[in-house]
Every structure is written in C-alpha cells, then in structure tokens.
Amino acid sequence: MGKDRVCYFYDEKIGSFYYGPYHPMKPHRVCMTHHLILSYDLCKHMEMYRPTLATEHMMRQYHSAEYISFMKNVNVDTFHENTSLLQQFNMGDDCPIFDKLYEYCAIYSGASIHAAQRLNHGLCHTAINWAGGLHHAKKGGASGFCYVNDIVLAILELMKYHARVLYIDIDIHHGDGVEEAFYHTDRCMTVSFHKYGQFFPGTGDLTDVGVREGQYYSVNAPLKTGI
C-alpha cells in the first residue's frame, strides 16, 4: 500500500439535514467542503466512496439500545408529547429533534465505521469523513449537537485489529464523549487540546487522567483563550 492512498467518504444527502433556524450546527457546510475538494481537483488524489449506512446493531456497539431505539422511532411532529424521554436523552435546544435525524446519524456514523474498516484491511493510509467527529455524544444520550458518537464506533472497529488506538482531538471543545467511553481502559489513549474555563463542556482538566486500567491513558491539554 502506497503512503499516498487516501479514502474520502461523502454522501450528498448530508447537506439536506437541518438542525433548525439559528442553530450553529449546519451539515450543509460538509457539502460546501465537498465542492471545494472538487474545485481544487483534490478528488483526483483520493478514492471517493459513498458510505454504507450504520445499522442499529452497529450503533448499539456503544450506545444504549433504549437511546438508539428512541432516535429511530421518534416522530418530529409528536415528540413534544414525551418530555420525560427528551430530558432522559438530553434532547432540546442544543440537540433538537429534526426530520430524518436517525438517517443523519446512520450516514455520518456509517462513514466513520467504513473508514475504520478500510484502515483495518490496509486499503488506505488516510481516511477522511468530514461529516463525522461528533465527539460529545454519550452512551445514553445526546450532547453538544452530537447524537451518535461515530468516533467511539470507529475506534471500537479499529480495536478489532489493533491492540491499541491513539485518539487526538484538536477541536476547541474538550472531547468529553470519547474520553468518557475509554476512561477505564488502556486500549485507547485519548489526547485532547481544548479551550478550558467557563466553556462547554467544562471538562478536560489536567488532573483528568483516567482510572483503573485506563489511568494515565487520558491526556488533556486545557488552554486559555487565545492559545
């Protein structure tokens, strides 16, 4: 396998999902990024794939069955009637219920899982999924615009072939969902560089280093504003 072999995953449906007016999360940006890739002819240097949709079974490799079932069956017209479940799964202003939410999750999660599979089989050196990276989602609920944690699912896929995985997060927010998923194990080292102090999600202190077998396998670099 040559070092330049890059796999790029994209589904044209991703831009049709809409969190709602005034919401800062806009999947349409993924489409804009895709058009930049085409305009600069970067596609000539990559293998392009339409991702396979993640199944309910795949999502349940990490997430609770109750949570995934809720997202699969929730009705955008009637969800207001069950406020207890909305609270349980942390659905609200940050993580709204919108049309075809489950399909959205299946697309971006499927892309990350598909990417991990190709890496496992030595079919590429680098795998890209601009729609993924929803690192705040928890095992039993949504958080910070994130519903299904595709990163955790991809890491679990990588672990089928690799003894250990290094995860590096350079988003301005702490990668709390991924850290939480692997906080007790030494099979995945999570490293997060993030803004810290009166800033969402408020986690990722220097002293958060993991527990039990995972002690010192969680590494945090909390940064002040401007760094």
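Reply: In this predicted model, ring pairs join Phe17, Tyr19, Phe98, Tyr104, Tyr108 and Tyr147 into a cluster.

Me: How many aromatic pairs does a search of the whole structure find?

Reply: The search finds 11 aromatic pairs. One of them joins Phe9 and Tyr49, whose ring centres are 5.6 Å apart with 25 degrees between the planes.

Me: What describes a pair of aromatic rings?

Reply: Two quantities are used: the distance of the centres and the angle of the planes. Planes under 30 degrees apart count as stacked, and the pair of Phe9 and Tyr49 is stacked.

Me: Which parts of the chain does the pair of Phe9 and Tyr49 tie together?

Reply: Phe9 belongs to strand S1 (residues 6-9) and Tyr49 to strand S2 (residues 47-49), so the pair ties together parts that are 40 residues apart in sequence.

Me: How is the pair of Phe17 and Tyr104 to be read?

Reply: The ring centres of Phe17 and Tyr104 are 5.3 Å apart and the planes stand at 50 degrees, so this pair is tilted. Phe17 is in the loop between S1 and helix H1 (28-39), and Tyr104 is in helix H5 (residues 101-120), so the pair ties together parts 87 residues apart in sequence.

Me: What are the relative accessible areas of Phe17 and Tyr104?

Reply: Phe17 has a relative accessible area of 4% and is buried; Tyr104, with 2%, is buried.

How values were computed: Residues are numbered from 1 along each chain as its sequence is written. This is a predicted model: local features need pLDDT of at least 70, side-chain atom pairs count only at pLDDT 80 or more; totals for chains, interfaces and linings use all residues. Side-chain values use heavy atoms; hydrogens and water are left out. Rings of Phe, Tyr and Trp (its six-membered ring) pair if their centres lie within 6.5 Å; planes under 30 degrees apart count as stacked, over 60 as edge-to-face and the rest as tilted. Helices (H or I, at least four residues) and strands (E, at least two) are DSSP runs, numbered from the N terminus. Buried means under 20% relative accessible area, exposed over 50%, partly exposed in between (1.4 Å probe, protein chains only).
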